[in-house]
Each structure stands twice: as C-alpha cells, then as structure tokens.
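Here is a short briefing on one protein chain. Keep the sequence and the 3D view open as you read.

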Amino acid sequence: MYRKKADSFLLMAMLMVVAMAISGCLDSGKADVSNESDVKELTIGEMWDIESIDPAEDMKVICEKALVVETLVTTNEDFSLAPGLATSWQQLDNNTWEFKLRKDVKFHDGTNMTAEDVKFSLDRAISRNVNVASMLNVKSIEVKDNYTLLIKTADLNTMLPAVLHYPCTAIINRNSVDENGDLIKLIGTGPYMFESFDEQTNVLTVVKNKNWWGGKVGLDRMVIKGMPDPNTRAIAIESGDIDFTVDVPYSETDRIDALEGINVEKHVEPRVYKIDVNLAKDKLNDTRVRQAISYAIDRDSIVKNVLYNVGEPAAGPFLPNMVWTNKDLEPYKQDYKKADSLLTEAGWIDTDGDGIRDKDGQKLELTLMTFSTRPGLPPMAEAIAAQLSKIGIKVTPEVLEYGDILERQKEGNWDLSLAPFAIAMVPDPEFILTNWYSTNGTDNKPGYSNPEVDKLIEETKGITNQEERYAKFNEVEKIVYEEQPMILVAYYGCDIVKKDTVKGYIFDPTAHDYRINAGMYIEK
C-alpha cells in the first residue's frame, strides 16, 4: 500500500512539473509572467539588418539598442565622460591607467563581474577588432585585484578612456565563448538578456534582466527586426506590426504624427551629413572651388524643406553642445555672389553660354554619389545638385548601394560622395580629426593632406591637460573649415516613431541613431 501511494505521489509531482514548464512558470530566462498576454513586449523596426550579435564585431545593436551589454565608460549630455561599469579611472603615468570597477554588477548567469572578466573582454576585442586594437594601443592589461584593472599602453594615449565607451569594447562573461574564443551564448550585464537571434530573418529577441545593477527594467521582452528600407518601417508602424522605429521618410513624419495612436519625436544626434570631395580630381583640388560649392549650398533650406526640420545646419564636424567643439565656427551661409566670385577667380567661366562653367576645354560637371538607407540622402543630393546648377556647376546625383560607393572610392572613380557619419563613437575630438583630416587618416577619403594639420594633431598626443588638447583641436577645426576638403551640410536628425502606448522613452543625445532606455514600458 505504501509503495502504491509513493508511486502515485511521484506521478502527480512529475505531472505538476510538466504543467509548470508548459505554462512558462519555470525560470528559463524569459520574462516572469504567468500569462503570455500579460507580457510587456516592445517590437522595434531597426534601420539596419542585424548581421552579428558579437559585441566585438557589432557596432551598436547589442550595446545601444538591445541593451544586453555595457561599456566601462559612458557620457554626459555634453559628451564629457562618465562612469559606466567602471566607477573611476586615473592616469598613473604616461602609459598606465587604473580603472576601478563597480562591485554590484552581476552577469546574466548570476556570477559577479570582476576584473578578470573585464580583462578577458578587452583582450578578446583587441584580438578580434583592428579598430579597437589601434585605438587602445595596449601593451598589457593587468588585474590588480577583483575590482581594479591596470591598462598599460605602448605610447601615451590620452584618448584611452573615451575608447572604452566604444560599443565594441562592451564587457561579456568568459562563458560566452568556446575554447576558440567564438561566441556561443551572449552573457552580458545589461538590463536585457539575450534570448534568441534568427540569422535568416534578422530578428533578435531579448528579455528582462530582473537583477540589473542599474535598477528597474520596464519591459519584459524586446523583439528587434532588421528593416533597412525607410518606407517599410513607415508601413510597419502604421499597420501595427511594430511599436517603435526610427527614420521613416522625413516627408512622412508630420502625417504619421497626426495619426491616432502614433507620435513622432525629432532629435539631433551625433552624426553629420558630409560631402567627401575627391581631391585627386583637378576640378576639385582648388580650395576656391570647394569653398564656392559650400557657399552655394543653402543649409537652412535643406534642413527645413528637405529634412523637414529633422536636423540642423552644420558648421564644423562637431555638435555645438560637445564640450570640445570650436564654438567660433558658423555654418556657411548661401551666397551665390561669393561663390561666383570664387569660381571666376579660379578660372571657371561659362564661355559658351550653356549654363555650365568651363576651363581649358573642360566642363565643370560632377557626379554626387549617395545611398538610400537613410531617408534624407537622395532628396538632399537632388537639392544640392539644383543649388549648384545656379552657379554653373552641373551635378548628377547617383543613388548606389553603399558597397558600390566604397568600391568607386577605392578605385578613385568618383567626384563627390554624400553620407552621414557618426562623430562620437569615441567621444574625443582626436578620433574624428585624426581619422578624417590627417594625411594617413583611415577615413580620409578625399586624400586631404596639410602639414600644419598633421603637426597640430601630433602635438595633441603629448598633452594630458584636456583644455590645452581641445585648444589645439579647435585650431584644426578652423583650418579645415577654411579649406573644405569635406563639405559639412547638416547635423543629422532622427525621427523617433512610436505607438502612444510606449511610455518612458527618453532620447539620449549621445546615442548613435537611438538608444533604448531601461525605463521604457508599455501602457496596456
């Protein structure tokens, strides 16, 4: 009799476990809800296809949009540095930095984050990402104790703390990878935990981290879908397929904002629309020609009538609110008379009356490459072409795949190229000014070379006082403002489009596109 009762009890217990598993009551890493209809889930239409979930490779999605991983350093609204997973840092000597880590941080598997994990993550990022390796220029990383890290650089590197804001330096648990260092299960510290990623559909799903060190998390789950086409994103938010997206066609923002149940916010982010100029072309290697092009562009009109006020006219490469920006620079104002004078002085005159200037038998005809993923680009290219025609420059816009643009630039078969570029992936002026304007800069597509600029940038590398560094960089900004090797048109704006039921969103002006914040929630 006892054996029969015991077997009966065991059978009932097993049935209860199965029932609990089916109903989702067991802790499987998913949101702690008893009914799927109660799940506060946000579906996001992401503007890029999601190609990787490895923080060492992914630039933004995993860190800023899925909030699975976090960096040692964050920023304030003026882009000055602020504590992240590191509470403080100091430069002990020219080549040694000491970082103190938070003691209250747990990984998603419940283990404590220690200096060993941070060292592992940074070593891995350095070995797998050439940009990280180059920017950090690390000689060694040493664990002083569980919550103290010493980073020794090969040379003086004042920019190092800012580089540790770069999303590819985000911290992961050592159990995230196999023996070869390849990612097998993403374990971070952020407010959301990785659940799944479908490489075929480009759909990433993350769930609430109930033990996040930063406080309360508002959503149970986020589903992030890659939607590269702006029109597709607009249709998806209107049809209710998604709850949140960014950068629908700017011409549609006011109409969509007027729809019941949807609202649109317009913000400026740390990115600038710039025209790279191929200085290898005889037509464009004269500073006067580039200045004339800049004077012919009506930045105010483009922001108002093309971007629908999603952006602001640009002066230098940096936003006015950045702590290091040269505040003396103002956007070039449209001045056809000035542009005409500069072109005439440079020898470009319309000799046959066809409306196109010529010189030595050569017409001032240019191509302007751009791409369509970001909705403001094609109409901007058309507007710029129309404005330049007023001063006798014929411009033919070409909307291409971004990969084709890079190939044309590599071959040297191009004149002008319009694209928006992030300006604070590393929140320090050295990052942009070196990459864009130094002779050997990695993003110096025009082939610009100025010995004075190279000298000023090199001098900053030996200065540890930030005000003195910024003063040198301000001089660089002034020189390139005059020479216009890259013509800056507008600071990038993004439109945030979301359902009225999405609450608690706070735009982060330091984000690259947009950043989801942990306090967001769904109002049922």
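**Aromatic residues**

Phe318 is buried, because its relative accessibility is 1% and the cut-off for buried is under 20%. Keep in mind that this is a predicted model.

*Ring pairs*

- The whole structure holds 14 aromatic pairs.
- One of them joins Phe318 and Trp324: the ring centres are 5.8 Å apart and the planes stand at 90°, so this pair is edge-to-face.
- Trp324 also has 1% relative accessibility, so Trp324 counts as buried.
- Another pair is formed by Tyr332 and Tyr481. The centres of these two rings are 4.9 Å apart, and the angle between the planes is 55°, which makes the pair tilted.
- The pair of Tyr332 and Tyr481 links distant parts of the chain, 149 residues apart. Tyr332 sits in the loop between β13 (311–313) and α10 (336–345), while Tyr481 belongs to helix α15 (residues 466–483).
- Tyr332 counts as buried because its relative accessibility is 7%.
- Tyr481 is buried too, with a relative accessible area of 16%.
- Phe318 and Trp324 also belong to an aromatic cluster, together with Phe79 and Tyr470.

**Strand β19 and its partners**

- How many residues of strand β19 are buried? The count is 14 of the 14, so strand β19 (residues 486–499) is largely enclosed by the rest of the structure.
- Strand β12 (residues 262–277) pairs with β19 in the antiparallel sense, over 12 bridges. In this pairing, Ile262 has Lys499 of β19 as its bridge partner.
- Strand β11 (residues 244–246) is also antiparallel to β19, with 3 bridges. Here Thr245 stands opposite Val497.
- β13 runs antiparallel to β19 as well, and 3 bridges join them. Gly311 faces Tyr492 of β19.

- Strand β8 (residues 192–198) pairs with strand β9 (residues 203–208). The sense is antiparallel, and there are 6 bridges.
- Across this pairing, Met193 stands opposite Val207 of β9.
- The hairpin has 4 residues between the strands. Asn202 takes a positive phi there, near 60°.

**The second largest pocket**

- This pocket holds about 620 Å³ of space.
- Its lining has 26 residues. Nearest the centre of the pocket are Leu67, Glu70, Thr74, Asp508 and Arg515.
- Which classes of residue make up the lining? There are 14 nonpolar, 8 polar and 4 charged residues.
- Three elements each supply at least two lining residues: α2 (61–65), β2 (73–75) and β3 (81–83).
- β2 contributes the most to the lining, with 3 residues.

- Leu67, one of the pocket residues nearest the centre, lies in the loop between α2 and β2.
- The phi of Leu67 is near 55°, which is positive although the residue is not glycine.
- Leu67 has a relative accessible area of 8%, so Leu67 is buried.
- Asn137 has a positive phi too, near 50°, and is likewise a residue other than glycine.
- Asn137 is placed in the loop between α4 (130–136) and β6 (138–145).
- Is Asn137 buried or partly exposed? At 26% relative accessibility, Asn137 counts as partly exposed.
- His108 is in the loop between β5 (96–101) and α3 (115–128). At 16% relative accessibility, His108 counts as buried.
- Between His108 and Cys63 there are 15 Å in space, C-alpha to C-alpha, and the two are 45 residues apart in sequence.

**What the record says**

- An unreviewed UniProt entry carries the annotation "domain: Solute-binding protein family" for residues 81–442.
- In the model, the end C-alpha atoms of residues 81–442 lie 24 Å apart.
- This span is 28% helix and 26% strand.

Methods. Residues are numbered from 1 along each chain as its sequence is written. This is a predicted model: local features need pLDDT of at least 70, side-chain atom pairs count only at pLDDT 80 or more; totals for chains, interfaces and linings use all residues. Side-chain values use heavy atoms; hydrogens and water are left out. Two strands pair if DSSP finds at least two bridges between them. UniProt positions are given in the numbering used here, feature names are shortened, and annotations may be inferred rather than shown by experiment. On a 1 Å grid over the protein atoms alone, a cavity is a set of points where a 1.4 Å probe fits but cannot get out, and a pocket is an open set with protein on both sides within 12 Å along at least five of seven lines; lining residues have an atom within 4 Å of a point. Grid points are joined across faces, edges and corners, and a volume is the space filled by probe spheres set on the points. Ala, Val, Leu, Ile, Met, Phe, Trp, Tyr, Cys and Pro count as nonpolar, Asp, Glu, Lys and Arg as charged, and the others, Gly among them, as polar. Rings of Phe, Tyr and Trp (its six-membered ring) pair if their centres lie within 6.5 Å; planes under 30 degrees apart count as stacked, over 60 as edge-to-face and the rest as tilted. Buried means under 20% relative accessible area, exposed over 50%, partly exposed in between (1.4 Å probe, protein chains only).
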